[in-house]
Amino acid sequence: MIPDSEFIRKDKVPITKEEIRAVSIGKLNLNKDDVVVDIGCGSGGMTVEMAKRCKFVYAIDYVDDAIELTKQNLAKFNIKNCEVIKGRAEEVLEKLEFNKAFIGGTKNIEKIIEILDKKNINHIVANTIVLENAVKIMNELENKGYNVEAVNVFISYSKKIPSGHMFLAKNPIIIIKAVR
Ligand SMILES: C[S@@+](CC[C@H](N)C(=O)[O-])C[C@H]1O[C@@H](n2cnc3c(N)ncnc32)[C@H](O)[C@@H]1O
């Protein structure tokens with residue numbers, strides 16, 4: 001995984017942290033034939049990691065800064081197998097061809113899941129910090145016949161203090177995997 005510090009960053013545009021990217025990438029089980037959609041690409045952290053491991057990535061976000069940062073990070077890491085699309089995922093997904101989905105942004109998630117289901121996308125990984133969103137995502141996916149599992153990932157980072165090292169905890173992230 002690429003360390004967070006190597007990505008071009010901007011205030012208020014989130015990035016999926018290195019360790020969460022690692023688990024999410026593992027759950028996606030990417031191979032060289034996969035075409036993946038990154039729903040809510042933010043700073044492009046997941047976009048870059050996925051594009052390095054699959055055939056093509058469509059990265060979608062409706063925020064200008066997110067689109068700009070994702071493009072900058074793709075250029076920085078010399079990644080060309082990606083199209084960055086400005087818009088709301090629920091409005092652009094329909095016309096794209098892909099076989100796996102990573103969901104990092106959860107606005108209008110019911111509609112997004114409805115489209116993924118209709119397009120027969122049978123491998124989905126979602127990240128959220130909001131418990132209610134996790135429940136909603138899991139219920140919607142289970143109702144559509146997916147086998148759903150969730151892990152709650154707690155990361156703490158070591159910090160040097162005068163007497164040695166301690167760990168500082170970050171907020172837990174819920175990672176949901178749905179396959180059928
Ligand atoms: C937590 S950030 C994603 C971080 C990203 N995975 C990364 O590694 O840099 C979530 C992003 O999802 C976007 N988003 C949320 N709902 C969306 C939707 N329905 N369509 C498109 N983008 C969406 C937000 O604008 C935000 O930039």
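Before going on, I wrote down the ground rules. The model is predicted, and local features need pLDDT of at least 70, side-chain atom pairs count only at pLDDT 80 or more, while totals for chains, interfaces and linings use all residues. Residues are numbered from 1 along each chain as its sequence is written, and side-chain values use heavy atoms, with hydrogens and water left out.

**Entry: a helix pair**

Two packed helices are described by the angle between their axes and the distance between the axes. I looked up α5 (residues 109-118) and α6 (residues 131-143): their axes come within 10 Å and cross at roughly 30°. The axes are lines fitted to C-alpha atoms, for helices over the stretch in contact, and angles run from 0 to 180 degrees between N-to-C directions. α5 and α6 are therefore roughly parallel to each other; angles under 35 degrees count as roughly parallel, over 145 as roughly antiparallel, 65 to 115 as roughly perpendicular and the rest as oblique.

The crossing of α5 past α6 is right-handed, a term used if the near helix is turned clockwise from the far one by less than a right angle. Which residues make the contact? I listed I109, E110 and I113 from α5, and K136, I137, E140 and L141 from α6. Contact here means heavy atoms within 4.5 Å. By class, I have 4 nonpolar residues, no polar ones and 3 charged. Ala, Val, Leu, Ile, Met, Phe, Trp, Tyr, Cys and Pro count as nonpolar, Asp, Glu, Lys and Arg as charged, and the others, Gly among them, as polar.

**Entry: two buried positions**

Is T70 buried or exposed? T70, in helix α3 (residues 64-76), is buried, with a relative accessible area of 0%. The cut-offs are under 20% relative accessible area for buried, over 50% for exposed, and partly exposed in between (1.4 Å probe, protein chains only). Leaving out neighbours within four places in sequence, I see T70 in contact with C41, G42, S43, G44, T47, A59 and V84. S43 is 27 residues from T70 in sequence, yet their C-alpha atoms are 5.1 Å apart.

G45 belongs to helix α2 (residues 45-51) and counts as buried at 2% relative accessibility. Beyond four places in sequence, G45 touches F7, I15 and R21. I also checked D4, which is 41 residues from G45 along the chain, with 8.1 Å between the C-alpha atoms.

**Entry: two positive phi values**

Most residues other than glycine have a negative phi. I noted N29, with phi near 50°, in the loop between α1 (18-28) and β1 (35-39). N78 has phi near 55° and sits in the loop between α3 and β3 (82-86). N29 is exposed at 53% relative accessible area, and N78 is exposed at 56%.

**Entry: two partly exposed positions**

V179 lies in strand β9 (residues 173-179) and is partly exposed, at 25% relative accessible area. Apart from residues up to four places away, V179 touches N122, H123, Y146 and N147.

N99 is in the loop between α4 (89-92) and β4 (100-103), partly exposed at 33%. Its contacts beyond four places in sequence are D33, D34, V35, I121, N122 and H123. How far is N99 from E68 in space, C-alpha to C-alpha? I get 25 Å, for a pair 31 residues apart in sequence. V179 and V148 are 31 residues apart along the chain, and 6.7 Å separates their C-alpha atoms.

Note on methods:
Helix = DSSP H or I, 4+ residues; strand = E, 2+ residues; numbered from the N terminus.
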